[in-house]
Amino acid sequence: MCKITMEMDELKNIVNGVIKNEFIALSDNNYEELKSLEGNKYSKLEKKTIELHNIIKNALPEKYIHVLGEYIDAELDIKLLEIRYYYDKGVKHGVNKLSFLKDTKIIDHM
């Protein structure tokens with residue numbers, strides 16, 4: 001493998017690592033900012049989901065409460081995968097539009 005190809009692969013790994021790390025850092029550290037978005041819409045929806053969860057939990061027989069928890073966990077895992085996918089693709093798409101980086105192929109194309 002030639003030196004330029006190796007350097008490009010290393011740059012791709014670096015950029016992809018930065019994207020992954022920034023997603024994790026942003027999602028871990030911006031909860032308070034998220035809660036204040038769009039006139040506290042997030043906080044209102046969060047409160048509503050907790051209330052609805054409690055209503056459903058209290059209405060279910062004991063043997064189904066665990067199933068409800070598993071369902072919610074699975075739904076959240078799906079949403080997290082979708083969010084990470086679109087975050088990754090959005091960053092890569094945005095960077096690829098930068099004219100000075102477009103032809104470098106540093107970032108994997110969509």
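1. About 190 Å³ of space lies in the second largest pocket. A pocket here is an open set of points on a 1 Å grid over the protein atoms alone, where a 1.4 Å probe fits, with protein on both sides within 12 Å along at least five of seven lines. Grid points are joined across faces, edges and corners, and a volume is the space filled by probe spheres set on the points. T49, Y71, I72, E75 and L76 line this second largest pocket; lining residues have an atom within 4 Å of a point. Helix α4 supplies the largest share of that lining, four residues. By class, three are nonpolar, one is polar and one is charged, where Ala, Val, Leu, Ile, Met, Phe, Trp, Tyr, Cys and Pro count as nonpolar, Asp, Glu, Lys and Arg as charged, and the others, Gly among them, as polar.

2. The model is predicted: local features need pLDDT of at least 70, side-chain atom pairs count only at pLDDT 80 or more, and totals for chains, interfaces and linings use all residues. Residues are numbered from 1 along each chain as its sequence is written, and side-chain values use heavy atoms, with hydrogens and water left out.

3. Helices (H or I, at least four residues) and strands (E, at least two) are DSSP runs, numbered from the N terminus.

4. The largest pocket has a volume of about 460 Å³. Its lining comprises 13 residues, and S27, L34, Y42, L80 and I83 are the closest to its centre. Which elements give two or more residues to this lining? They are α1 (3-29), α2 (31-35), α3 (37-59) and α4 (62-96). Helix α4 gives the most, with four residues. The lining of the largest pocket has nine nonpolar, two polar and two charged residues.

5. Of the 110 residues in the protein chain, 9% are buried, meaning under 20% relative accessible area, with exposed over 50% and partly exposed in between (1.4 Å probe, protein chains only). The accessible surface of the chain comes to about 9100 Å², and 61% of this belongs to carbon and sulfur atoms. Areas come from the Shrake-Rupley method with a 1.4 Å probe.

6. Among contacts (heavy atoms within 4.5 Å) between residues at least 6 apart in sequence, 50% join residues at least 24 apart.

7. The structure holds one aromatic pair. Y85 and Y86 form this pair, which is edge-to-face, at 5.1 Å centre to centre and 80° between the planes. Rings of Phe, Tyr and Trp (its six-membered ring) pair if their centres lie within 6.5 Å; planes under 30 degrees apart count as stacked, over 60 as edge-to-face and the rest as tilted. Y85 is partly exposed at 47% relative accessible area, whereas Y86 is exposed at 59%.

8. L45 is found in helix α3. Is L45 buried or partly exposed? L45 counts as partly exposed, at 46% relative accessibility. L45 and K35 are 10 residues apart in sequence and 9.7 Å apart in space, C-alpha to C-alpha.
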